[in-house]
Amino acid sequence: MQYSSELIHTMRQALETVMASVPAHQSVFGLKAAVAECILNAAAHGQTSYDGLVTTASDQIQAIVAMLT
């Protein structure tokens with residue numbers, strides 16, 4: 001799937017925002033890649049707003065951390 005440069009920028013901003021909110025004790029190996037994948041999946045399913053991407057990824061943090069530990 002191809003994304004516009006504007007959407008790529010929005011996804012990167014969302015990723016950085018979500019990662020900045022993760023407490024240090026939850027920052028496990030592979031977390032950033034998994035969060036990025038979550039954001040990509042959301043975008044592929046039509047979620048293209050910054051707020052929507054941040055919310056979607058933030059809602060999945062606990063599940064992602066649990067999966068990676």
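Which helix does T10 lie in?

## T10

T10 lies in helix α1; helices are DSSP runs of H or I with at least four residues, numbered from the N terminus. With a relative accessibility of 14%, T10 counts as buried, where buried means under 20% relative accessible area, exposed means over 50% and partly exposed is in between, with a 1.4 Å probe and protein chains only. Apart from neighbours within four places in sequence, T10 is in contact with T48, S49, Y50 and L53; contact means heavy atoms within 4.5 Å.

## Basis of the values

This is a predicted model, in which local features need pLDDT of at least 70 and side-chain atom pairs count only at pLDDT 80 or more, while totals for chains, interfaces and linings use all residues. Residues are numbered from 1 along each chain as its sequence is written, and side-chain values use heavy atoms, with hydrogens and water left out.

## Helices α1 and α2

The axes of α1 and α2 come within 10 Å and cross at roughly 135°. Axes are lines fitted to C-alpha atoms, for helices over the stretch in contact, and angles run from 0 to 180 degrees between N-to-C directions.

From α1, the residues L7, M11, A14, L15, E16, V18 and M19 meet L31, K32, V35, A36, I39, L40 and A43 of α2. By class, this contact of α1 with α2 has 12 nonpolar, no polar and two charged residues. Ala, Val, Leu, Ile, Met, Phe, Trp, Tyr, Cys and Pro count as nonpolar, Asp, Glu, Lys and Arg as charged, and the others, Gly among them, as polar.

## The salt bridge

The structure holds one salt bridge, meaning a side-chain nitrogen of Lys or Arg within 4 Å of a carboxyl oxygen of Asp or Glu. K32 forms a salt bridge with E16, and their closest N and O atoms are 3.0 Å apart. The pair links distant parts of the chain, 16 residues apart, with K32 in α2 (residues 31-44) and E16 in α1 (residues 5-20). K32 is partly exposed at a relative accessible area of 40%, and E16 is partly exposed at 43% relative accessibility.

## Helices α2 and α3

The axes of α2 and helix α3 (residues 50-68) come within 9 Å and cross at roughly 135°. That makes α2 oblique to α3. Among the residues making the contact are C38 and A42 of α2 and Q60 and I64 of α3. The contact of α2 with α3 divides into 13 nonpolar, two polar and no charged residues.

Conventions: Helix = DSSP H or I, 4+ residues; strand = E, 2+ residues; numbered from the N terminus. Parallel < 35°, antiparallel > 145°, perpendicular 65-115°, else oblique.
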